[in-house]
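Please examine the sequence and the structure shown below.

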Amino acid sequence: MAGRLDGKVILLTGAGGGLGSAQARLMAQEGATLMLANLPEDPIIAEGKPPSGLWDNAQNVAAEIRDAGGKADVVALDVTKEDQWSAAVAKTEQTFGKLDVLVNNAGIYYHAGLLDHTIDKFHQIVSVNQLGVLLGMKAAVPAMRRNGKGSIVNFASIYGIAGAGVSTAYQSTKGAVRLMTKSAALEFVGDNIRINAICPGMFDTNLFESSVPKEAWGPLVDLVPMKRFGKPEEIAYGTVFLASDESSFMTGADLVIDGGYTCP
Ligand SMILES: NC(=O)c1ccc[n+]([C@@H]2O[C@H](COP(=O)([O-])OP(=O)(O)OC[C@H]3O[C@@H](n4cnc5c(N)ncnc54)[C@H](O)[C@@H]3O)[C@@H](O)[C@H]2O)c1
């Protein structure tokens with residue numbers, strides 16, 4: 001049976017994380033060839049770094065995909081470093097011949113009230129979540145032009161749409177991702193490159209577990225009309241749609257996957 005992503009070469013950042021690994025697995029099942037990027041074990045960002053194991057996880061997911069007969073490789077990438085982006089895109093083209101899709105999934109969270117925000121933390125989260133997405137688009141567009149087409153999927157959040165009353169710095173980055181997506185979508189529409197954003201609601205991943213205090217979980221679930229957190233594969237189906245030609249008339253759009261959180 002034909003896969004929804006047959007023939008597509010995809011570079012996915014944050015591939016060892018909760019949402020990233022689910023996307024990698026589903027995209028591989030749908031026939032994609034994957035370059036899985038993650039921050040290496042020896043992190044360049046010391047404070048607020050993701051816990052160790054996510055780089056190993058990206059490698060394990062790649063091995064799992066290869067064992068199942070698919071095509072996958074890994075590349076170390078700190079999304080805040082422009083030279084590492086050039087190297088990751090070059091490795092994708094050298095290994096697999098082209099770049100069809102970039103999924104800018106890597107991100108970090110910062111759970112703090114406004115009065116506890118520090119300049120260092122603000123710069124750190126802007127570097128990863130906002131600058132990282134901009135650098136990713138900048139590195140991918142020339143490769144997609146060489147390919148004659150492309151699709152970029154940027155990770156925003158419901159907290160780029162609605163206020164949370166906490167984590168103002170995080171929210172600023174996710175709002176920025178939504179507008180960078182729309183601006184870049186207009187800039188490159190003539191190049192046959194589509195650029196869309198995914199806005200996840202709340203998902204139980206490393207990002208959530210490592211930063212949101214447990215006592216806040218119950219009240220947060222209560223805010224979701226479906227009264228549960230999402231499952232990572234529910235994001236992965238959205239990414240597959242935006243990466244595939246099924247979404248050929250979509251660009252600059254937000255795909256909200258949130259159990260109804262942003263309805264009220
Ligand atoms: N989990 C949620 O509830 C939720 C909600 C809304 C949006 N999101 C967004 O979804 C995306 C994925 O999040 P997740 O929940 O899977 O979190 P996660 O912590 O499980 O995964 C994040 C990934 O990003 C990688 N990463 C962090 N800093 C990096 C850097 N400088 N360079 C390269 N990679 C880096 C980590 O190594 C990890 O693999 C993020 O952009 C996040 O903001 C998540």
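The points that follow are grouped by topic.

This is a predicted model, in which local features need pLDDT of at least 70, side-chain atom pairs count only at pLDDT 80 or more, and totals for chains, interfaces and linings use all residues. Residues are numbered from 1 along each chain as its sequence is written, and side-chain values use heavy atoms, with hydrogens and water left out.

**The sheet**

- An open sheet is formed by seven strands in the order S3-S2-S1-S4-S5-S6-S7, with parallel pairing.
- Strand S3 (71–76) and strand S7 (254–257) are at the edges with a single partner strand each, so one side of each has no neighbour in the sheet.
- On average, neighbouring strands are turned by 20° against each other, direction ignored.
- Four bridges join strand S1 (residues 9–12) to strand S2 (residues 33–38) in the parallel sense; Leu11 has Met35 in S2 as its bridge partner.
- Strands (E, at least two residues) and helices (H or I, at least four) are DSSP runs numbered from the N terminus, and two strands pair if DSSP finds at least two bridges between them.

**Helices on the sheet**

- Helix H3 (residues 82–96) lies across S1, S2, S3 and strand S4 (101–104), and runs at about 160° to S3.
- Helix H5 (residues 168–188) packs on the sheet, where it touches strand S5 (150–155), strand S6 (193–200) and S7; the direction of H5 makes about 165° with that of S6.
- Axes are lines fitted to C-alpha atoms, for helices over the stretch in contact (heavy atoms within 4.5 Å), and angles run from 0 to 180 degrees between N-to-C directions.

**H3 and H4**

- The axes of H3 and helix H4 (residues 119–147) come within 9 Å and cross at roughly 35°.
- Residues of H3 that meet H4 include Trp85 and Val89, and those on the H4 side include Leu135 and Ala139.

**The second largest pocket**

- S5 and S6 are the elements that give two or more residues to the lining.
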